[in-house]
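Please look over the sequence and the fold before reading on. This briefing is meant for someone meeting the structure for the first time.

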Amino acid sequence: VHVVESGGGLVQPGGSLRLSCVASGRTAGVVAMGWYRQGTMKQRELVAQLTRGNSASYADSVEGRFTISRDNDKNTVYLQMNSLTPEDTGVYYCYAHELTDFEGNGVDFWGKGTLVTVSS
């Protein structure tokens, strides 16, 4: 599975951005996709995840401001980010979780990341 993110950039506080993540290749076994982020001097944290069953989950810090969605026809997951603050600055990584057996084991495939900078 090949994962490519796009949509990062510079935005002012209070602004919005939409990130996109396209998964290609052997995607039939992908059961979830989502986003992590890593800010400077911060640990990587899970931002949002969307399962194949359409169950979404969010970090407390983004709940109510970020929305994860997908277009199944395009194998694409989106992260709509509103009311951005400087604390949202970081590299955003998309991942796709592929189930590899019936016992629940799987593997994650990662994109190279897209930089989001929130600054005035």
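This is a predicted model: local features need pLDDT of at least 70, side-chain atom pairs count only at pLDDT 80 or more; totals for chains, interfaces and linings use all residues.

Residues are numbered from 1 along each chain as its sequence is written, and side-chain values use heavy atoms, with hydrogens and water left out.

- S20 lies in strand 3, residues 17-24, where strands are DSSP runs of E with at least two residues, numbered from the N terminus.
- With a relative accessible area of 15%, S20 is buried (under 20% relative accessible area, 1.4 Å probe, protein chains only).
- Leaving aside residues up to four places away in sequence, S20 touches V4, E5, S6, W35, T76, V77 and Y78, a contact being heavy atoms within 4.5 Å.

- Four strands form an open antiparallel sheet in the order 1-3-8-7, two strands being paired if DSSP finds at least two bridges between them.
- Strand 1 (2-6) and strand 7 are at the edges with a single partner strand each, so one side of each has no neighbour in the sheet.
- Strand 3 and strand 8 run antiparallel and are joined by six bridges, and S20 stands opposite Y78 of strand 8.

**The nonpolar core**
- The largest nonpolar core has 26 residues, and among those touching the most other members are W35, F66 and L79; such a core is a set of buried Ala, Val, Leu, Ile, Met, Phe, Trp, Tyr and Cys residues joined through side-chain atoms within 4.5 Å.
- Strand 3 gives the most to this core, with four residues.

Key
Buried means under 20% relative accessible area, exposed over 50%, partly exposed in between (1.4 Å probe, protein chains only).
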